Amino acid sequence: MSRFRSEVEKASRERCSRIVLALDILEPSKDRLYEKALWVMREASENVCCFKIGIPTVLKLGLSDVSRLVEEAHDMGLPVIMDCKLGDVGHVNKMMAILYFEAGFDALTVNTLVGFEGGLDSVIEESKKRDRGILPLVYMSHKGAEETFGQTVLSKDGTARKMYEVLAERVKRWDVDGIVVGATRPEVIREVRDIVGPDTPIYSPGVIFQGGSLRDALEAGSTYLIVGRAIYLSENPREESARLKKILST
Ligand code: BMP
């Protein structure tokens with residue numbers, strides 16, 4: 001088990017929380033964005049088990065300021081996922097992965113459609129060398145994900161399968177630290193859980209603002225729920241994160 005995975009588990013146990021806080025905060029200036037992100041992180045830190053930062057924040061703040069936020073998160077005892085959904089050819093993916101790992105990130109999301117050989121193999125190798133995590137996408141939360149992750153494909157033996165079933169079987173062989181399946185399709189979470197078995201953490205975004213239900217996703221087999229706007233846009237991120245954490249623990 002990677003250090004990332006055990007740190008999420010530890011934080012989740014200590015805080016009785018399955019919530020990963022997504023920080024896609026929009027502010028007009030770099031300083032305001034940094035301050036707001038840090039404030040939200042501090043307010044919610046007792047009620048979440050991990051933070052997730054996306055590319056908009058890296059583009060606005062720059063990697064070195066983002067790295068300071070990652071350090072702050074570590075001081076709070078929380079790991080941070082870089083949601084970069086890596087999707088290029090291998091040598092370029094590896095360059096980006098190294099930059100993110102050197103900035104302190106504990107795990108990266110990757111686009112499974114890129115494939116293993118010459119695509120994600122070097123990133124997975126790099127993450128294992130550094131004891132970090134990799135989280136491949138198996139089914140995204142938005143409607144259009146049906147066009148790719150949900151399409152029917154012919155597997156090698158000629159049988160018709162759903163793309164996400166093929167991907168779930170594939171990533172199981174990659175020995176990763178978790179997978180991403182949108183919370184908006186509990187029936188897919190259930191099927192993917194059957195394929196990957198009980199030991200692979202499933203991270204599910206798409207609750208509340210995108211229409212998914214925390215409890216339905218949990219009952220279908222999600223391990224962690226990724227929540228962004230419902231917490232960081234609320235007037236009181238501390239109370240809102242506590243309320244959502246409670247929904248998942250009762
Ligand atoms: P929100 O709770 O505000 O809808 O945010 C969801 C977060 O999860 C965003 O950071 C988004 O990038 C991410 N996400 C998603 O919404 N669907 C996916 O399929 C994969 C994601 O990473």
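In strand S4 (residues 107-110), Ala107 and Thr109 point one way while Leu108 and Val110 point the other way, and all are buried, where buried means under 20% relative accessible area with a 1.4 Å probe and protein chains only. This is a predicted model, in which local features need pLDDT of at least 70 and side-chain atom pairs count only at pLDDT 80 or more, while totals for chains, interfaces and linings use all residues. Residues are numbered from 1 along each chain as its sequence is written, and side-chain values use heavy atoms, with hydrogens and water left out. Helices (H or I, at least four residues) and strands (E, at least two) are DSSP runs, numbered from the N terminus.

**The barrel**
- A closed barrel of 8 strands runs in the order S1-S2-S3-S4-S5-S8-S9-S10 with parallel pairing, and two strands count as paired if DSSP finds at least two bridges between them.
- From one strand to the next, the twist averages 30°, an angle taken on a scale from 0 to 180 degrees between the N-to-C directions of lines fitted to C-alpha atoms, for helices over the stretch in contact.

**Around strand S4**
- Strand S3 (residues 80-86) runs parallel to S4 and is joined to S4 by 3 bridges, with Met82 standing opposite Leu108 in S4.
- On pairing with strand S5 (residues 133-139), S4 forms 4 bridges in the parallel sense, and Val110 stands opposite Pro136 in S5.
- The chain crosses from S4 to S5 through helix H6 (residues 116-129) in a right-handed β-α-β crossover, meaning that, with the strands pointing away from the viewer, the path from the first strand over the helix to the second runs clockwise.

**Glu126 in helix H6**
- Glu126 lies in helix H6 and is buried, with a relative accessible area of 4%.
- Leaving aside neighbours within four places in sequence, Glu126 is in contact with Lys94, Ile98 and Phe101, contact meaning heavy atoms within 4.5 Å.

- In helix H8 (residues 186-196), the buried residues are Pro186, Val188, Ile189, Val192, Arg193 and Val196.
- These residues are on the same side of H8 because they cover an arc of only 150° around the axis, the arc being that of the directions from the helix axis to the C-beta atoms.
- The buried residues of H8 pack against S5, helix H7 (163-174), strand S8 (179-181), strand S9 (202-205) and helix H9 (214-220).
- Just after H8, Gly197 takes a positive phi of about 85°.

Notes
Buried means under 20% relative accessible area, exposed over 50%, partly exposed in between (1.4 Å probe, protein chains only).
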